[in-house]
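Please turn to the sequence and the structure, which I shall now display.

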Amino acid sequence: MADKSVGTQSLAIAGPEKKHEGKKFRIAFIGCGGICQTHMAAFRKMSDVEVVAGVDIVPDRLKHFEKAWGISAVYKDWKKMLKEIKPDGVSVCTPNGVHCDPTVDALNSGAHVICEKPMAMNPAQCEKMIAAAKKNKKKLAVGFQYRYHPNSMYLKRARDNGAFGDIMFVKCLALRRRGIPNWGVFGEKDKQGGGPMIDIGVHCIEMAHDFMGAPKPVAASGNIWTYMGNKPSKVVSPWPGWNYKTYTVEDLAIGQIRFDNGAILQIEASFVAHIDHDYWGFSFMGAKGGGQWDPPGIFTDQNDTMVNITPTYLGSSADFDSLFNIKLRNWVDACTKGTPLCAPGEAGLNVQKMLDGVYRSADAGKEVVIK
Ligand SMILES: NC(=O)c1ccc[n+]([C@@H]2O[C@H](COP(=O)([O-])OP(=O)(O)OC[C@H]3O[C@@H](n4cnc5c(N)ncnc54)[C@H](O)[C@@H]3O)[C@@H](O)[C@H]2O)c1
């Protein structure tokens, strides 16, 4: 059954609550690399927000942060920053292996947190983060943005209106023909927890799981393969020159998740798949209707006739920057006004259990239980 509380509430922009009236919500960054710049651009559009500090271990990243955004409070150590700056909110934009510790420290310092996706390296870390949020009565959001995409919102509206009946099967695809990140540590298993499954598969799983109404995952099976990322390549590609010497993650992962309501989710995720073009999104079959995310469509019966429905207009906020504006606004409003958080830590934990299940199953060579 669809959980109407997940991701369907109004995304209206609202002003700060009483507590913050006249006061800006002061945000600090931990991790000032690529995605921090997208967060910064979004926060700069919010009149009730002030970004007050940045933390990174790479001096050039801090120099860039200071120069590009005019923020002189820069630190190498997040503990020192939290103590001296005492931010109201912290945006954690570090590699996956550095999500849990700064999040827990920030929550314990009295700040709210939005942590980039995936929530952490494993479910145990997610549970620590959620416990710290609960203990300190602070908001913890996970940086999932595809649940706000117009295509996702369209399908969730149709779901809530009963267009699909019970959703039995969902197939997620996060496939790049050639797209191993050639920056950061995305190829290093000990720092990221995995490759395309945890890095891009996570997006499709989170939006599909949200669409399904967030059923409880109970079992997973999966397989992973590495055949290209760990070797030099002369092939002309959009992101050439990744570090093949430190590449220890999978190139392709295939997984299947079973839920307590009997539904099944399948996922294919790859940085380097031999396919005709990149695929991104999910399709599904329900008892009364099916559909797909991209291009958005619903396949059902009407007037004793099989029909395919194509929406005419879904809004204009499908681009990456707009999705970040919406997800960060949702978190700020939840912190300052107490409005519902669309992607709380609990959603991140469920997604992490599925990712972890696929990897555990690939290791074990058999289906594994998800608790
Ligand atoms: N939501 C999305 O669509 C999206 C897109 C891109 C990245 N991400 C996520 O954001 C995170 C960062 O990705 P990125 O592309 O910005 O990577 P990046 O490598 O460009 O930036 C990460 C930054 O963290 C810094 N860092 C590492 N260890 C640190 C520490 N101990 N203390 C302080 N800083 C530290 C690095 O020096 C680097 O500047 C990842 O978890 C990634 O999955 C999310």
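Where in the chain does Pro-295 lie? Pro-295 lies in the loop between strand E12 (289-292) and strand E13 (297-302). Helices (H or I, at least four residues) and strands (E, at least two) are DSSP runs, numbered from the N terminus. Asp-294 and Pro-295 are joined by a cis peptide bond, with omega about -10 degrees.

Two remarks on conventions are in order. This is a predicted model, in which local features need pLDDT of at least 70 and side-chain atom pairs count only at pLDDT 80 or more, while totals for chains, interfaces and linings use all residues. Residues are numbered from 1 along each chain as its sequence is written.

Let me continue with the backbone. A cis peptide bond also runs from Lys-117 to Pro-118, with omega near -15 degrees, and Pro-118 sits in the loop between E5 and H5.

Positive phi values come next. Lys-137 is not a glycine, yet its phi is positive, at about 55 degrees. Lys-137 belongs to the loop between H5 and E6. Lys-137 counts as exposed because it has 9 C-beta neighbours inside 10 Å. On this scale a residue is buried if 20 or more other C-beta atoms lie within 10 Å of its own, exposed if 12 or fewer, and partly exposed in between, with C-beta atoms placed from the backbone. Asp-304, a residue other than glycine, has a positive phi near 60 degrees. Asp-304 is located in the loop between E13 and strand E14 (305-309), and with 5 C-beta neighbours inside 10 Å it counts as exposed.

I turn now to the overall arrangement. The domain assignment gives domain 1 (18-146 + 322-340) and domain 2 (166-286 + 351-369); such bounds come from an automatic or database domain assignment. The C-alpha centres of domain 1 and domain 2 are 26 Å apart. Their contact takes 15 residues from domain 1 and 17 residues from domain 2, where two residues are in contact if their C-beta atoms, placed from the backbone, lie within 7 Å. On the side of domain 1 that touches domain 2, the residues divide into 9 nonpolar, 5 polar and 1 charged. Here Ala, Val, Leu, Ile, Met, Phe, Trp, Tyr, Cys and Pro count as nonpolar, Asp, Glu, Lys and Arg as charged, and the others, Gly among them, as polar.

What of the interior? In soluble globular proteins, nonpolar side chains tend to be buried together. In this model the largest nonpolar core has 98 residues, and those with the most contacts inside it are Val-113, Met-129, Cys-172, Cys-204 and Ala-208. A nonpolar core is a set of buried Ala, Val, Leu, Ile, Met, Phe, Trp, Tyr and Cys residues joined through C-beta atoms within 7 Å. Helix H8 (residues 196-211) gives the most to this core, with 9 residues. The core draws at least three residues from each of domain 1 and domain 2.

Is Ile-267 buried or exposed? With 27 C-beta neighbours inside 10 Å, Ile-267 counts as buried. Ile-267 is part of strand E10 (residues 264-270). Apart from neighbours within four places in sequence, Ile-267 is in contact with Cys-172, Gly-201, Cys-204, Ile-205 and Gly-255.

Finally, consider a pair of helices. The axes of helix H4 (residues 100-108) and helix H5 (residues 123-136) come within 9 Å and cross at roughly 10 degrees. H4 and H5 are therefore roughly parallel to each other, a term for angles under 35 degrees. Axes are lines fitted to C-alpha atoms, for helices over the stretch in contact, and angles run from 0 to 180 degrees between N-to-C directions. H4 contributes Cys-100, Thr-103, Val-104, Leu-107 and Asn-108 to the contact, and H5 contributes residues including Lys-128, Met-129 and Ala-132. By class, the residues of this contact are 6 nonpolar, 4 polar and 1 charged.

H4 is mostly covered, with 7 of its 9 residues buried. Those buried residues pack against several elements, among them strand E1 (25-30), helix H3 (78-85) and H5. Following H4 comes Gly-110, with a positive phi near 100 degrees. Met-129, leaving aside neighbours within four places in sequence, is in contact with residues including Cys-100, Thr-103, Val-104 and Gly-345.

Notes:
Angles under 35 degrees count as roughly parallel, over 145 as roughly antiparallel, 65 to 115 as roughly perpendicular and the rest as oblique.
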